[in-house]
Amino acid sequence: MPRKYDTTRFAWALTGSGHDLEECLDLLMKLESVDVFLSRAVEEVLVMYKYIERLRAAGIRMFHDSTASAVPVGQFYENNYHTLVIAPATSNTVAKCVAGISDTLVTNVFAQAGKCQLPIIVYACDTEPVVITPAPGKMVTVYPREIDLECSRRIGQFEHTTLTTNMEELQAAVRHRVECLNESCS
Ligand SMILES: Cc1cc2nc3c(=O)[nH]c(=O)nc-3n(C[C@H](O)[C@H](O)[C@H](O)COP(=O)(O)O)c2cc1C
């Protein structure tokens, strides 16, 4: 019997954050089977940080936010995915997800994955009161607001959702999921 991991894939959503964006790309490119869902903002940010060519060269299937009804979410109803990862997740996307809003491709993917009871891993950028993060060409320090921190906490309380707060936790959550799939757990 084929392993579930052979027949279904990771869905990986990228949002418009520069925080650990390169590290997230490195991690997703190591996965055997993955489709990428791009927010409109990350399409711009990938160009600003000069990562877009690397992602294109990897030959990974990419879905763009170009329809009002988020047409690519239909993939989730076809049982094409075993796991959704949103990494990095901007404070904007996290806030919308927590409020139950699904008006972009990534917020739709989060909502539909939830409704399909898929395991979800979110790497929220704003989980600490002080974040040192790369802007194009330099490092900057930002101070997430209480609303940003609160939304990050709340997304981790959603059904089937694992909140990760740094790259080590994200790597461990993805590794755990791969191991679980290889052992045929759900
Ligand atoms: C270079 C650059 C870096 C950014 N980094 C972050 C970030 O680390 N965290 C964040 O929440 N927003 C960041 N933003 C702002 C988001 O891109 C913006 O809020 C956007 O509306 C998010 O849309 P999305 O959540 O649909 O991707 C950044 C914007 C730019 C131009």
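Modeller: This is a predicted model. Three bridges join strand β2 to strand β3 (residues 61-63), and the two run parallel. Within that pairing, Phe-37 stands opposite Phe-63 in β3.

Colleague: Which strand is joined to β2 by five bridges?

Modeller: Strand β1 (residues 9-14), which runs parallel to β2. Ala-11 has Asp-35 of β2 as its bridge partner. Between the two strands the chain passes through helix α2 (residues 21-29), and this β-α-β crossover from β1 to β2 is right-handed.

Colleague: Why is β2 described as largely enclosed by the rest of the structure?

Modeller: Buried means under 20% relative accessible area. Five of the five residues of β2 (residues 34-38) are buried, so the strand is largely enclosed.

Colleague: Which residues cover each side of β2 in that count?

Modeller: Val-34, Val-36 and Leu-38 lie on one side, Asp-35 and Phe-37 on the other, and all are buried. Both faces of β2 are therefore covered, in keeping with a strand largely enclosed by the rest of the structure.

Colleague: Turning to helix packing, at what angle do the axes of α6 and α7 cross?

Modeller: At roughly 40°, with the axes of α6 (residues 91-98) and α7 (residues 105-115) coming within 10 Å. That angle makes α6 oblique to α7, because only angles under 35 degrees count as roughly parallel.

Colleague: Is the crossing of α6 and α7 left-handed or right-handed, and which residues meet there?

Modeller: The α6 and α7 crossing is right-handed. From α6, Thr-93, Lys-96 and Cys-97 meet Val-106, Thr-107 and Phe-110 of α7.

Conventions: Residues numbered from 1 in each chain as written. Predicted model: local features only at pLDDT ≥ 70, side-chain atom pairs only at ≥ 80, totals over all residues. Heavy atoms only, no water. Buried < 20%, exposed > 50% of the residue type's maximum accessible area, 1.4 Å probe, protein only. Helix = DSSP H or I, 4+ residues; strand = E, 2+ residues; numbered from the N terminus. Pairing = 2+ DSSP bridges. Right-handed = clockwise from strand over helix to strand, strands pointing away. Axes fitted to C-alpha atoms, helices over the stretch in contact; angles between N-to-C directions. Parallel < 35°, antiparallel > 145°, perpendicular 65-115°, else oblique. Left-handed = near helix turned anticlockwise from the far one by under 90°. Contact = heavy atoms within 4.5 Å.
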